[in-house]
Each structure stands twice: as structure tokens, then as C-alpha cells.
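Biologist: I am new to this structure and would like to go through it with you slowly, one question at a time. Could we begin with the spaces enclosed inside it?

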Amino acid sequence: MKLSLGMILALCLAGLQFVAVTIVVFSSFLTSEKVLLEHARQLLSDVGTNTIEHSKGFLTPAKGAAELATRLAENEVIASDNFQQLEKLLFQQLQISPQFAGLFYGDEAGNFVYVMRSGGPGPFRTKIIRHDEGVRTTDLIWRDDSYGAVEYRADPEDTFDPRGRLWYQTASEKLTSIWTDPYIFFTSQTPGITAASPVFDSSGTLQGVVGVDIGIESISEFLSRLNIGDSGKALILNRNGDVIAHPSQDLISTARADGTFRFVNIGEIGDPVARAAFGHLAADDDISVAREISTRFNHGGSTYVSTVMPVISEALPWTIAVYAPEVDFTGEIKANRTQNVWIAASIALLTAAFGLALAHVIHKPVRAFAVRSSLVSQGEISAAEPMPKTYRELERANETLVQAIAERKQSETEFGRTFDLASRGMAQVEKGTGRLMRVNSKFAEMLGYDAAEVLELTVHDISHPDDDVAAFFFSDGGQTRSEYLHDKRLLRKDGSVIWVSENVIVIRDETGNARHAVMTVDDISERKAAESKIRRLNRDLSHSSRVNVMGQMATSLAHELNQPLLAITQNMDSVLFQLKQNACDVEELKTIVEETDRHAHRAGDIIKALRGFVKKDGVEKAPFDFEELMEQTLHLVRSEAKDNGIAIRTAAHGLEPVYGSRVQIAQVLLNLLRNAIEAISDSDVAERVIWIEADTVDGGLSARITDTGPGFDPAIKLFEQFESTKEDGMGLGLSICRSIIDSHGGKLWYQKDGQGRSQFCFTVPALVPKTVEEKRDEFSV
């Protein structure tokens, strides 16, 4: 049987359609599966990285806790037996540190004071354990925010002993500040870490340990909010294999026989998939890995993908582990594969039927050409007759165009989804005007507007008037840059201000002309607030040091005035005695009165020097005579130096006036002189001399204080806060001195002179400082 051309065309069309669709389906499946699996691994890696960055946020309060524990250990109240005063101190520290769960102190006798946050009946609860002549008492006190007692309760059944806790044993063994591994808090039964520091008495004997608790249960809450496929999970493992954070927080702890709680190990956790994925790590004492490891594994008939990240840091030796079912990423395309094969078969059958009709249509002009050729060959019609109407061949061009349009639509759809669902605020901005063309919901939420309202604004409307706006958003701004990145303030709808990190990327066409910009913002208000708190703390510490210096000045003044006043008193007693005895010798009385007058003038000079020393109080800067200030300062320390057998020699003549705060420069000079006197008086050096030298140099004045003391340990960082060579020192004096000199545009440093003697040097600017032209911010127009 011969097949017609139309039948052959229909069968070929149906067969080719079936084969093509089948190939496309399977090819698309394999390609999509590979891409999705790679996307799954990248997603797990991104989740691990995100969790690492979130966990690093606990490093800052942990460091702060360690520093707080150390400062508390130096407080005399800690080592005392005044439990009420100790409780109040811990209560105050807990109030100003919202990230801390509790503060406590335990001593060698088993006494214990613990102040923690409570759910009721008061917001704070205190636990005090006393051992008095062999009698143990345990008192529980709930207090309100103002330290008022809400409820008292005794707990005779309590058996807690701080000496048996890991933080106490570790700190007393190492005799230094420590961080514990994560553990379950005894009282709240929640996970956390502890920073602890030993407390010593004046003889260096261990008195007890003071500590700070930091809860880490919020990490598990963070993990529970992560979306990893449909049912994937992330967990955090300690270096020893303990599971310290999991989306289901109930799975991470288990009770011991004594009623206390501990973390479960990864090999015993109640999450069977997590055990299958990471349980093999528990075979080693240290589960940390050197690099990111991604694997596939089977469990319960399902295939999973997992990722193990390297430890966060030495300070936080935690490992992030993530797993997710593979079907969460490839299940839908697997289900579509069979469906698409049946669709391909159906399409082939329909195509065959359609092909027959199409073949008839296509073959019709062929028959017309054949008939025409036959008629022409027979001479029945002329060759000049018009050709039969036929079709243009546009299939290939049409397919190319359709494919290009589809690809563009797909790209626009993917970008739009990424833009709208981004976790960061994003906006598309018009060039020149700064008009907001498109924003995502996160951007509108950050500013307190709905999507329609915010599109009526420009970046100029939402930017703080004192902050810079990228030049791209001005009609006359430069268009050469492609990216702007800076911190700035934005105005919310209610008038409040938020700090954001703004990244502006300029989108250009093929010729390099700017079309629009994409602006991405992150809210950094909390970070800015934390930085502000740190600056206020530094100002408070500086003020404490200045108060200390004024106390030293008062002590020196009292010491200096005591000698002339004592001499005046003795002379007046002698005069009164002679007058009562009627044995007045005019020459002797004259001598006594002249000596009294000399001592009175000396006292007046001392008071005059002090008044000159502190005149123009505050930080107001003005021209002053450094040589005069140096002489007035010496009035306050010369007697102390003399008592310690120390000679002070000066070399400063004809100095030019300098510009600055007289009181602050005097504070620096007095502090350096007292340091030199203390260094020599505490040593047994033979030569006991201090030299003060000052010279006029280009741009201002250079001063040097040299002493014959023993010098400093090279390991001491002299100008850092809390670094001190004195047992009772705060470690703030030299740090504040450097801050004062820096604020004056000068420099303070320490060196050895040519003979190896300790020498502190500083510079002070000239009479009138030069005006410094502020640099134009790179983001301004």
C-alpha cells in the first residue's frame, strides 16, 4: 500500500513531536535536577553562614560578660561578707545589662548570692545561701525594678553548692577569667554560657568566684524560624558533640540522675535524621572540621542533603550542621516527569490528526503548481499567468522570536520574585530625580509606609537633612560611579529616625548610559545605639579619672598649706607666751612677726597657684602660658617630691604661648609628674631626679618629663584603658592623657632617653590653630 504525501507528513510530524517533547522533558528534568541539587547545597551553605553570623552576635555580650566579671572581681564589695550590699551591686549590674540572664558570687565557704531575671512574682529573683556556724540557710527574694522586695521565701530543701559547679572549679583552678562551655543553667534549666572570674583578698588568697550567665536559648528560636526547604533543619554542635541549639529546643537537654540537666550528644538526640546525618561525628572527641563538607545520605527510604560548617571561632568553638530532604527541591519535577510524558503522547496523537489537515492545506498549493505545470506543458495556459497563491516561510523566525520573548519574560519574573521576597529593604530609583519607582514590602515596612504611599516619595524625602544623598539622584550629579555604599539616617512616616547601611548600584545599558539604580538598605539602628552606649561609657570613665586627679590636687594643696599654717600657729603661740610673761624682746618679736609674714605669703602663693591652675575651668580652649602653668603645677607636687627625696629640675625659658584647654593640659602634666614621683618613691634607685623640659618647636610646643625610676615592663600597653602598673590603679590615667593630647591635635608617647631613662613626651599646638577645610564627602553632590 502506497502512503500519500499527506500521511507521511502527518506521521513524521507526530513522531518528531513525540520524540522532541520526550527529549525535552527528560533533558529538562536532568538539567533541572542537577541545578536544584546544586541550589540545595548552596542554600544549606547559606543557612550555615547566616547561622554563623547570627551566633557571632553572642560573642560581644560574652566578651562584655567576661570584662564585667573581671571588674566585679576587683570590687571590694564582692569579697566582703555584706550580703545585702553584694546583692544590691549584682542587682544594679543586671539592670544595666539586658543581655545577661544572671550575676552571682560564691565563696570558699559555700556561701552564694545569685541575682537573676524571673517571671514572677517579681521581675528579679535573688537567692542567698549562708553558712553560719555550721547552719545553712537559703533565702529567696523577689524584687521589683526599683529594688523593692515583693516576696520573701525560705528554701530549706535547697542543696546547691557553688563549689561543685563547673564555672567555680574552672575559675579557681586556672585563677583567671574563663568562659565555660555551654551548659544547662541549674535554676532556669535553660541553655547558656558563663563568664567567671576568681576573687582574691589582699594577700592573694582565693576568696571565691564571681560570674555572669548569658542565655543562648534565642539561638534555637532563630533556628526554628529558618525556612530550609519544606522540612529541613539547622542545629549547632559544641566541639565535644553536644547539641546546644535545635529548632525543637525540648530535644537538646536531658535529666541526670541527680535532677540536674545536661545537653544531649548528637549521637543520642531525639531527631533521627540529625543522628543519621551527623551522628558519626560523635565518634571523635573533637567534631570540628577544617572546611565545609556537603554530603548526600539515605534514611528511612528518603534521600537527604547535608552540610557541616567549620567552627565559628576559637572563642565560640561551635559547628553549624544543616540537613534537608532532597525531595523538597526535586520532588515536584519528578512528579511532573511522568505527567509530561503522557502529555507528550497526547500531543503526538493530536498532532497526527492536525497533521493530516495541515498536510492537505500544505499540499494544496503543491497540487496547484503541479496542475499549472501540466497545463503549461500542454499549452492550454500561458506561462505569464499569475502563480497560485502560496505561504511565506516564517516558522524559523517566529520560533526564534518566541523563544527570545519567553526567556526575557522568565528573567523578569525571577528578578521580580527575588526583589519582592528579599529579606533586605530594596528599592528601584529613577536617575536624576531620585523618585522611588518600585519598592519591596521590607523597604516599606522599615519606613512605616504602605507600598502605594512610599511610591509618592523620593530618596530626598526619606533621607535625614543632615546626611548625604548619592550624586546619582540629582539632575546635575555626576554619573561616572556605579556603586555607592555608606551609613546614613532615614526618616520614617511617624517622624522617627533609623540608621541604615545603604548600597546603591547603578544599572546601565549596553552603551554605558545609566537607566536606573537599585538601592538596598539594612537597618543598623541597634548597632549605632550600642556604639553610642560605648561612647557614653568612655566619657564616664574619663570623668572618673578627672575626679581622681582633682582629689590628688586637693591632697597636694592640703599638704602644701599645712607647713606654713603650722609655722604661723607656732609663731603666734610664742608671741602670746612672751606677752603673758611680760618678757617681751622687741627684736625677737620683730623676727617672729617677719617669719610669720613670710609663711603667710607662702600660703597665699600656694592658693594663688591653685587658682591659676584651675582658672578657665572646663574644656574651653584659649591661648595660655605653658611656663606659668608648669610653675603652678610644681607648687602642688614639690612638697611630695621633697618628702620622697626627689629633686625636680626644669628647663623652659622664652616659650611661645600655646593654644588649648589650660585645665586639661594641667591634668596631663600633673598626672605624668605624679607617675614619675611614684615610680621613683617605690624603687631603691640611688639617683632620684625628675627633669621637666619644654621647647618651642615648629607648629607649637614640645614637653618632656624624664625620671630615674625603674621603667616599665615591655609587655604593658601603657596607653590602653584598664592597663595599669599599679596594684590599685584603674588603668585610665595614661589613656585619658593621650585622649586629651589627641583632642588638642598633639601627640603623647613614651620612649627611653639617651641614657636609658624613662621619658614621656607630648606636643601642644601653636597659639592659633590652622583652619582645616573639611573634606567633601564622596557621596555628596
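Biologist: Which residues line the second largest cavity?

Modeller: In this predicted model, the second largest cavity holds about 30 Å³ of space. By class, its lining has 4 nonpolar, 2 polar and 1 charged residues. The residues that line the second largest cavity are Arg 165, Ile 184, Phe 185, Phe 186, Gln 189, Thr 260 and Phe 261.

Biologist: What volume does the largest cavity have?

Modeller: The structure holds 2 cavities of 30 Å³ or more. The volume of the largest cavity is about 140 Å³.

Biologist: How do the residues of the lining of the largest cavity divide into nonpolar, polar and charged?

Modeller: Taken by class, the lining of the largest cavity divides into 8 nonpolar, 1 polar and 3 charged.

Biologist: Is Ala 529 buried, partly exposed or exposed?

Modeller: Ala 529 has its place in helix α13, which covers residues 525-581, and its C-alpha lies 9.3 Å from that of Trp 499, a residue 30 places away in sequence. A residue counts as buried under 20% relative accessible area and as exposed over 50%. Because the relative accessible area of Ala 529 is 38%, Ala 529 is partly exposed.

Biologist: Which residues of α4 are buried?

Modeller: Helix α4 runs over residues 83-95 and has 13 residues, reaching 18 Å from its first C-alpha to its last, close to the 18 Å expected. An α-helix has 3.6 residues a turn, so residues three or four places apart point the same way. The buried residues of α4 are Phe 83, Leu 86, Glu 87, Leu 89, Leu 90, Phe 91, Gln 93 and Leu 94.

Biologist: Is Cys 761 buried or exposed?

Modeller: A search of the whole structure finds 0 disulfides, and another cysteine, Cys 737, is buried with a relative accessible area of 2%. Because its relative accessibility is 1%, Cys 761 counts as buried.

Biologist: What percentage of the residues in the chain are buried?

Modeller: The chain has 17 helices and 28 strands. Among its contacts between residues at least 6 apart in sequence, 55% join residues at least 24 apart. Of the 781 residues in the chain, the buried ones make up 40%.

How values were computed
Residues numbered from 1 in each chain as written. Predicted model: local features only at pLDDT ≥ 70, side-chain atom pairs only at ≥ 80, totals over all residues. Heavy atoms only, no water. Disulfide = S-S within 2.5 Å. Buried < 20%, exposed > 50% of the residue type's maximum accessible area, 1.4 Å probe, protein only. 1 Å grid on protein atoms, 1.4 Å probe; cavity = no way out; pocket = protein on both sides within 12 Å on 5 of 7 lines; lining within 4 Å. Points joined across faces, edges and corners; volume = space filled by probe spheres on them. Nonpolar A, V, L, I, M, F, W, Y, C, P; charged D, E, K, R; others polar. Helix = DSSP H or I, 4+ residues; strand = E, 2+ residues; numbered from the N terminus. Expected span 1.5 Å × (residues − 1). Contact = heavy atoms within 4.5 Å.
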